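Dear colleague,

Please find below the structure that I am handing over to you, followed by an account of what was found in it.

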Amino acid sequence: MDYIAIFYNHGGAIKFSKNLSENGVKGELIPAPRKLTSNCNIACRFSYDKNLENIIIEEVERILLVKNKEVATVYEDYY
C-alpha cells in the first residue's frame with residue numbers, strides 16, 4: 001500500500017525517513033501538499049504492507065493512504 005506521512009517538523013520527517021531505511025522500507029521525502037498540512041512542508045511517501053504501528057514515531061502528525069489518486073487518513077495523532 002502507498003502512503004504519505006505528514007510531520008510536525010522537519011526533524012521528524014528526517015527521523016522517520018531514516019527509521020524507514022533502517023527497517024528496509026524505501027521512502028522518499030517530498031514537498032508536503034499544502035492542502036494536507038500547515039505545519040511542516042516536508043512529507044514522506046512510502047510503500048508498506050505491514051502494520052503501520054510498527055513504524056509510527058512521535059513526530060508523525062498524520063499518515064494518509066494513497067489509492068487511485070485519492071487520499072484517506074489512516075492515522076492521526078491527537079497531540
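Glu 59 is placed in the loop between E3 and E4; helices (H or I, at least four residues) and strands (E, at least two) are DSSP runs, numbered from the N terminus. This is a predicted model, in which local features need pLDDT of at least 70 and side-chain atom pairs count only at pLDDT 80 or more, whereas totals for chains, interfaces and linings use all residues. Residues are numbered from 1 along each chain as its sequence is written, and side-chain values use heavy atoms, with hydrogens and water left out.

**Glu 59 and its surroundings**

Glu 59 is buried, its relative accessible area being 19%; buried means under 20% relative accessible area, exposed over 50%, and partly exposed in between, with a 1.4 Å probe and protein chains only. Leaving aside residues up to four places away in sequence, Glu 59 touches Ile 6, Phe 7, Tyr 8, Gly 12 and Lys 15, where contact means heavy atoms within 4.5 Å.

**Salt bridges**

How many salt bridges does the structure hold? There are two, a salt bridge being a side-chain nitrogen of Lys or Arg within 4 Å of a carboxyl oxygen of Asp or Glu.

One of them links Glu 59 with Lys 15, and the closest N and O atoms are 3.5 Å apart. Because Glu 59 lies in the loop between strand E3 (42-47) and strand E4 (60-67), while Lys 15 belongs to helix H1 (residues 10-22), this pair ties together parts that are 44 residues apart in sequence. Lys 15 counts as partly exposed, at 45% relative accessibility.

Arg 45 forms a salt bridge with Glu 28, with the closest N and O atoms 3.3 Å apart. Arg 45 lies in strand E3 and Glu 28 in strand E2 (residues 27-31), so this pair ties together parts that are 17 residues apart in sequence. Both residues are partly exposed: Arg 45 has a relative accessible area of 42%, and Glu 28 has 43% relative accessibility.

**The sheet**

Five strands form an open sheet with antiparallel pairing, in the order E2-E3-E1-E4-E5; two strands pair if DSSP finds at least two bridges between them. E2 and E5 stand at the edges with a single partner strand each, so one side of each is left without a neighbour in the sheet. On average, neighbouring strands of this sheet are turned by 30° against each other, direction ignored. Axes are lines fitted to C-alpha atoms, for helices over the stretch in contact, and angles run from 0 to 180 degrees between N-to-C directions.

Strand E1 (residues 2-7) and E4 run antiparallel and are joined by six bridges. Within E4, Val 60 is the bridge partner of Phe 7, and Leu 65 is that of Tyr 3. H1 packs on the sheet and touches E1, E2, E3 and E4, its direction making about 20° with that of E3.

E4 also pairs with strand E5 (residues 70-76), in the antiparallel sense and over six bridges. Arg 62 stands opposite Glu 76 in E5. The hairpin of E4 and E5 has two residues between the strands, and Asn 68 takes a positive phi near 55° there.

Yours sincerely
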